[in-house]
Amino acid sequence: MSQFPFSRRQLLGTLAAAASVRPARAQDGTIRIGLMAPLTGVVAAGGREMVDDFNWYWSQHGQIAGRTVEVMVEDDGSNPDTALQKARKLVEQGRVHMLFGNLLANTGLAVANYVKGTGTPYFIPIIAADDLTQRARIGNVVRVAGYSASQCTRPLADWALKQGYKKIATISQDYAFGHEQCGGLAQTFTEGGGAITGQFWHPINTSDFSSYLGQLSGAGTDAIFTMQTGADATRFFQQYAAFGLKGRIPLMGSMNACDQSVIRTLGAEVEGVVSAAHFAEGSDNPATQAFVRAHVEKFGTIPSLYGFSMYSGAMWVAQALERIGGRADDPALLIKTVLETELSGSPLGRPVKLDPYGNPIYDVQIRKVVKNADGKWWNVPIASYPDVSQFWKYDPAEYMKQPSYSRTFQGIKRS
């Protein structure tokens with residue numbers, strides 16, 4: 001029996017039938033988009049950038065096939081119950097044609113379960129819960145310009161092995177996003193011959209890391225990987241340096257820990273931290289640098305991963321809408337077209353396509369935090385892994401037979 005309620009062939013067949021009812025042509029009226037972001041809570045800085053960059057794209061492209069675009073913003077409060085409430089408000093009262101956004105995995109999962117029943121297209125440029133495009137895929141949830149949580153930590157693990165690291169410890173926020181990022185790294189690292197000397201989990205919004213740092217200091221490790229978001233990332237970097245570990249044990253971070261929303265507020269404590277992501281604001285790619293310059297001119301800041309993802313996600317859906325004459329009123333046709341659309345002209349400077357499960361395939365950059373010519377911290381590529389799938393080098397069907405990553409399953413291969 002299939003692991004999904006429907007196969008991709010069945011989904012596309014159903015959507016194609018719906019799309020054939022009438023020809024694609026421009027429609028009158030406003031295209032209403034419901035945008036949810038955490039404007040309060042531990043990741044509020046990232047949430048504000050989500051909204052700013054999403055609205056920035058639509059301010060540059062105010063109409064799609066002759067239809068005006070209206071963005072209706074709601075604060076999900078970094079809370080899944082609030083996110084569900086706001087999603088219902090947008091769909092049932094606001095009558096939006098689609099939902100966009102959310103940042104934390106638990107908020108995204110709550111909204112995804114809701115739209116599973118409504119059929120509302122839900123586009124998730126940031127929500128990275130692996131199973132949303134794997135074991136528990138929902139046909140109307142598409143990860144435009146996003147990534148699965150374990151996708152980019154696999155290349156980071158491979159890079160770490162090539163540096164000669166044999167033993168790594170991990171410390172992470174204790175929720176699905178952290179479990180999955182650490183799982184991708186731990187499984188790839190141990191399958192390559194490395195060992196995980198310890199894994200430490202802490203609550204979101206931890207103020208004091210001293211007890212964890214004491215244990216990490218004595219873990220007998222060649223390097224440490226940390227998965228943090230928002231204020232936790234800021235505090236961790238500061239305390240890691242203050243504890244005397246910086247310069248003694250190399251530190252690798254998750255892409256969100258090394259995001260602009262974090263590192264632009266910090267000092268020398270972030271210098272040299274290595275992470276992996278599909279976007280590196282310090283890349284010399286002309287399209288990336290043009291986007292960075294425009295962002296600095298518009299907002300006075302180097303773009304974050306959150307802002308880049310929302311801008312690119314808007315671009316992806318806009319390109320699909322143009323192909324169907326702005327018919328946002330036809331959710332089946334919209335989803336089908338988005339799945340078939342290859343993003344072009346994005347700040348990555350190269351086309352991006354979705355895999356058969358609705359997740360992008362990227363060239364993943366290994367990045368190091370350094371200062372640019374203006375004295376600002378940014379992430380510069382030091383190595384590249386082309387065409388990285390959410391399934392890495394595994395056969396998808398075989399891979400999905402293993403459990404989802406959690407505190408109790410990290411895919412660690414025992415020697």
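## Overall make-up

Welcome to this protein, whose secondary structure comes to 13 helices and 13 strands. Please keep in mind that the model is predicted.

Along the principal axes, the C-alpha trace spans about 65 × 55 × 40 Å. How does the radius of gyration fit with a compact globule? For 415 residues, such a globule would have a value near 22 Å, and the protein has 21 Å, so the two agree.

Of the 415 residues, 59% count as buried.

Contacts tell us how the chain comes together. Taking those between residues at least 6 apart in sequence, 71% join residues at least 24 apart.

The charges can be summarised too: there are 39 positive and 36 negative ones, and their mean positions lie 3 Å apart.

## A look at G101

Now let us visit a single residue. G101 sits in strand β4, which covers residues 98–101. Is G101 buried or exposed? Its relative accessibility is 0%, and because buried means under 20%, G101 counts as buried.

Which residues does G101 touch, leaving aside those up to four places away in sequence? They are L35, M36, M50, Y122, F123, I124, P125, I127 and M310. T229 gives another point of reference: it is 128 residues from G101 along the chain, and the C-alpha atoms of the two are separated by 16 Å.

How values were computed: Residues numbered from 1 in each chain as written. Predicted model: local features only at pLDDT ≥ 70, side-chain atom pairs only at ≥ 80, totals over all residues. Heavy atoms only, no water. Helix = DSSP H or I, 4+ residues; strand = E, 2+ residues; numbered from the N terminus. Rg over C-alpha atoms; globule rule 2.2 N^0.38 Å. Buried < 20%, exposed > 50% of the residue type's maximum accessible area, 1.4 Å probe, protein only. Contact = heavy atoms within 4.5 Å. Lys, Arg positive; Asp, Glu negative; His and termini not counted. Charge placed at Lys NZ, Arg CZ, Asp CG, Glu CD.
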